[in-house]
Amino acid sequence: MSKFNVLFKVTGSIAAYKSAYIISRLVQSGCNVKVVASESALKFIGTATLEGLSGNPVYTDSFAPAQVMSHIHLAQWADVTIVAPATANTINKFTNGISDSLLTSLFLAHDWSKPYLIAPAMNSKMYSHPATQLSLSKLKSWGVTILPTEVGYLACGDVGEGKMLNPDLIFDEVMKAYASKNKSVTKKIILITYGGTAEDIDGVRFISNMSTGKTGAAIAEELFLGGNEITTLRARNSFETKFNVESKVFSSFEDYRVKIEKLLAEKHFDVIIHLAALSDYSPAFLEKDNNTFPLPLQSKLASDSDNIKIMFKKNVKVINSLKRLSKNPNVIVIGFKLTNQVEESDIPNIIKKMFADSDIDYAVHNDLSSRTFSDEQTNFTVYDKVLNTTKCVSVLDLAKEIDKIMEIKNDIVH
Ligand SMILES: Cc1cc2nc3c(=O)[nH]c(=O)nc-3n(C[C@H](O)[C@H](O)[C@H](O)COP(=O)(O)O)c2cc1C
């Protein structure tokens, strides 16, 4: 994932322990995280936890040796800033321009071209107090994203508004904030299909392929962070994206066919990135002891015969009809071709045939030999219709190339 910098501010609420979980998710998603904690926050959560999870020292004191310019440098460093939990005290200080700590000074030094989010957490009375409500609306008018609170059980024993938003939703909001910062006029609506089909034999056995969906999920994440609107149609058991994107799941080829037809008829997509590894053949009949049974079987196949035979029927090539089925007839279609054990010199002809057979605009070739031990596909070659090529060493590189393709197509359309 593209790395970006999150300045994570923690203030003195009982919800401070939840910040540990959000910081951990951000780090696991590839973000660089630096934590600024108020003095009160450190009464609720220890520096060891915050430092251990973020992998960086925790900043609290404006006058700490060797850190005296942190109130400027950290603001410059951050791509996204979030205060979670944000106390009534800090929120009210922010609106009054008070800068009596590193945490509040950083607010005044914030560069407003970059997102600033606040996740309030407090007792209902503190939350509904006119001072707090006035501050929140003032902050909103200054460009701060105020996350909603939840109604629920509060530490004081009350049940009401003021509970900090669910940590997973806060994580999603940070990602969205970064993505919308990158949003340009050329933002695209993209469908990414990935993962392998599973063809049912008898309810417990199936025929599938080795696609894990890792490449598709990684491309989806990069394009999401680039500010695009992403929908995924992914195989059951395939990798999910780390972010909250619209996602549909398929199992068999037939299931995929029905779902993609519905999606393309209902929603306008600018780009379809078709990585789904679809079975060319689906099991149709099983022959056993001179009897023929239609597949899938209703119950588990017994192992009492020496030989069984499975007959497969050929499936249609969905990639040929994506444009025809699309609400947007000008949709850009990018198809993928995985090869295994083919001569390097044969690849252009394989790609040529792919262009001749299917209605695609670009083809991405990759070979099984370029898969790492951790199932990461590397070394992709992007072909246009006249077989000009661009080499990409990683998924990150490939996502950048797809971005470029979308820009070029956008220029042609406008
Ligand atoms: C046990 C305990 C829980 C608290 N929880 C909250 C809270 O959830 N929200 C809040 O705004 N203040 C809460 N406070 C009060 C703040 O800690 C206090 O206003 C403090 O000065 C905030 O400092 P800070 O904003 O610099 O972190 C709590 C105080 C205590 C002792």
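These legends walk through a few close-ups of the structure above. The model is predicted, so to speak of local features we ask for pLDDT of at least 70, and side-chain atom pairs count only at pLDDT 80 or more, while totals for chains, interfaces and linings use all residues. Residues are numbered from 1 along each chain as its sequence is written.

**View 1. Helix α4 meets helix α7.** Here α4 (residues 88–95) packs on α7 (residues 130–141) at about 55°, with axes 9 Å apart. Helices are DSSP runs of H or I, at least four residues, and strands are runs of E, at least two, numbered from the N terminus. Axes are lines fitted to C-alpha atoms, for helices over the stretch in contact, and angles run from 0 to 180 degrees between N-to-C directions. Residues touching across the pair include Ile91 and Phe94 of α4 and Leu136 and Leu139 of α7; contact means C-beta atoms, placed from the backbone, within 7 Å.

**View 2. Around the ligand.** Look for 15 residues here, with Thr11, Gly12, Ser13, Ser38 and Thr87 the closest; to be near, a residue needs its C-beta atom, placed from the backbone, within 6 Å. Helix α4 gives the most to this shell, with 3 residues.

**View 3. The open sheet.** Its 8 strands run β12-β11-β8-β13-β17-β18-β19-β20, with mixed pairing; strands pair if DSSP finds at least two bridges between them. Twist averages 15° from one strand to the next.

**View 4. A helix over the sheet.** Helix α12 (residues 347–357) lies across β17, β18 and β19, at about 140° to β17.

Key
Two residues are in contact if their C-beta atoms, placed from the backbone, lie within 7 Å.
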